[in-house]
Amino acid sequence: MKKKVVALTLAVVIAAASVVGCGSGAQNVSDNTGTASENAGTEAEDAKAETEVSATDSGEEIYLEVMITSLNDSADGPFLLEVIEEFEKMHPNVHIEPIAVAMNDLYTQLLTMATAGNLPDVFTMQDAYMAKAVEMEMVTDMTDLLGEEWLDGTLPVAVEGCKVDDMLVFMPWQNNTMAMIYRKDLFEEKNLGIPETWDEFIEVAKTLTEDLDGDGTIDRYGATFCGTRNDSAESRFQTLAMTFDAWLVKEENGEMITQVDSEQFKDAMEFFIDAAVNEGIMPDGFVETGYSESYTMCAADQACMFFGASNVFGAMFKANPEMRDKWGSFPMPHAEGLEPITSFGTLGMSISSTSEHPEMAAEFLKFLTNKENSIAWNEVTGRLPCQIEALDEIIAGNELYKGFADSSEFAVLLPTFGGTAELRDISGECWQTVIAEGVSLDEALETAASKAEDVMSKY
């Protein structure tokens, strides 16, 4: 059912985008849509103006602490600070304090702040952490705060992915469908087909791995994966494992189970390790290769394939704008004999249960995600939004995002489970001990399975 929900939802978006992007008739559709939007926007602006006057006339000074992981990003940070400044100009009585935190430190820092009772008003949240956030009463239900109109303009699958039971734990913001990015120009130059299986992926990557100057040293590798023991690498591995029909956690017969002890999981881990260190298609230093190292290699013409969400394009093109026309995307490969699959995830923002101004916090988040800001955000960072109207406009005629759009046909939501972050870390520990410490794969998997069962018993 979840596969159908994702496919149908994003298929509608893609179909709409193709209409907007075709011929003179499409211009009429766009113009008509624009007129309707202007009318709706006028009404919304009038309502907002009344709210602003009321808030300003009250004389109340409102202070909001906003913790966003993207503030640390070279592309996202400056853009977000501009959005905050613009919102403060619209609301002179509102003062926003931006708080930067690394994505890989977010979970630990939020737990520490929640325990101390000093959560910020707004903070980054994702599906892997939301069940724990509800359990610890860190968040407020955002359904009424965002309102029916805003939610109706958002991908239904994204809204569904931000809920625990009927509670909207966080506002869907970033569309994190996983796909593979690749050097489209080199594929065309070498007449390479798009790999559908992981075996084909390895062969293509070997062809792309080259000593360009003949000095005996590889200058350009076929691929790069993240190998650090943090969420950037571990969340990617969770999706890769799904392509082997191995799930860190899934619902089965009404119960949550883990497949860390399965043959499929062993196959996924064995492939991951072999591809990273044994096939000669990736550079040395895998266990220290994180997200920034991987996209930097892609930007510097040192790696040809990498998988993740679309935001990697923003970081790459900021580092090297000349690469913009050389890259494309295709769906995640899969194990032989299996159907394609990928994860639909979303990262967004929660409002804390202790915020004294949740309504104004929600107004800021709606401003952050309006059509104009969502499109500008994509141009700066490469991130795809969850707002339908903005997503329509971005993907219409843009070949760069084709793989992410095609993946909508088989993308699935990850299960909501309080121990997801711990299960991810167990998988990271597994490959790290094999590669860095020389532990056998069987021994590392036995340890991982035992720890995974402990996690399952806790939740």
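**Helix packing and local features of the predicted model**

Glu97 is partly exposed, since its relative accessible area is 43%, where buried means under 20% relative accessible area, exposed means over 50%, and partly exposed lies in between (1.4 Å probe, protein chains only). The structure is a predicted model, in which local features need pLDDT of at least 70 and side-chain atom pairs count only at pLDDT 80 or more, whereas totals for chains, interfaces and linings use all residues. Residues are numbered from 1 along each chain as its sequence is written, and side-chain values use heavy atoms, with hydrogens and water left out.

Glu97 lies in strand β2 (residues 94-100); here helices (H or I, at least four residues) and strands (E, at least two) are DSSP runs, numbered from the N terminus. Not counting residues up to four places away in sequence, Glu97 touches Leu64, Glu65 and Val66, a contact being defined as heavy atoms within 4.5 Å. The C-alpha atoms of Glu97 and Pro120 are 9.4 Å apart in space, while the two residues are 23 residues apart in sequence.

For the protein as a whole, the secondary structure comes to 19 helices and 15 strands, and 54% of the 459 residues count as buried. Among the contacts with a separation of 6 or more, 76% are between residues 24 or more positions apart.

Helix α10 (residues 231-242) packs against α11 at an angle of about 120°, and their axes are 9 Å apart. Axes are lines fitted to C-alpha atoms, for helices over the stretch in contact, and angles run from 0 to 180 degrees between N-to-C directions. That angle makes α10 oblique to α11, given that angles under 35 degrees count as roughly parallel, over 145 as roughly antiparallel, 65 to 115 as roughly perpendicular and the rest as oblique. The crossing of α10 and α11 is right-handed; a crossing is called left-handed if the near helix is turned anticlockwise from the far one by less than a right angle, and right-handed if clockwise. On the α10 side the contact is made by Phe237, Leu240 and Ala241, and on the α11 side by Phe265, Ala268, Met269, Phe271 and Phe272. By class, these residues divide into 8 nonpolar, no polar and no charged, where Ala, Val, Leu, Ile, Met, Phe, Trp, Tyr, Cys and Pro count as nonpolar, Asp, Glu, Lys and Arg as charged, and the others, Gly among them, as polar. Helix α10 is largely enclosed by the rest of the structure, because 12 of its 12 residues are buried; charged residues are also included in this buried set, among them Asp231, Glu234 and Arg236.

Helix α11 (residues 263-278) also meets helix α19 (residues 441-458), their axes coming within 11 Å and crossing at roughly 130°. This makes α11 oblique to α19, and α11 passes α19 in a right-handed crossing. The contact involves Phe265, Lys266, Met269, Glu270 and Ile273 of α11, together with Leu441, Asp442 and Leu445 of α19. Its residues comprise 5 nonpolar, no polar and 3 charged.

Helix α19 packs in turn with α18 at an angle of about 165°, with the axes 9 Å apart, and the two helices are therefore roughly antiparallel to each other. Their crossing is right-handed. Residues in this contact include Leu423, Ile426 and Cys430 of α18 and Leu441, Ala444 and Leu445 of α19, and the contact has 11 nonpolar, 1 polar and 4 charged residues. Helix α18 (residues 420-437) has 18 residues, which at 1.5 Å a residue should span 26 Å, and its end C-alpha atoms are 25 Å apart, which agrees; the expected span is 1.5 Å times one less than the number of residues. Of these 18 residues, 13 are buried, so that α18 is mostly covered. Just after α18, Gly438 takes a positive phi of about 75°.

Most residues other than glycine have a negative phi. Asp165, however, has a phi near 55° and is found in the loop between β4 (163-164) and β5 (167-168), where it counts as exposed because its relative accessibility is 73%. Asp301 likewise has a positive phi, of about 65°, and is placed in the loop between α12 (291-299) and β10 (305-308), but Asp301 is partly exposed, with a relative accessible area of 23%.
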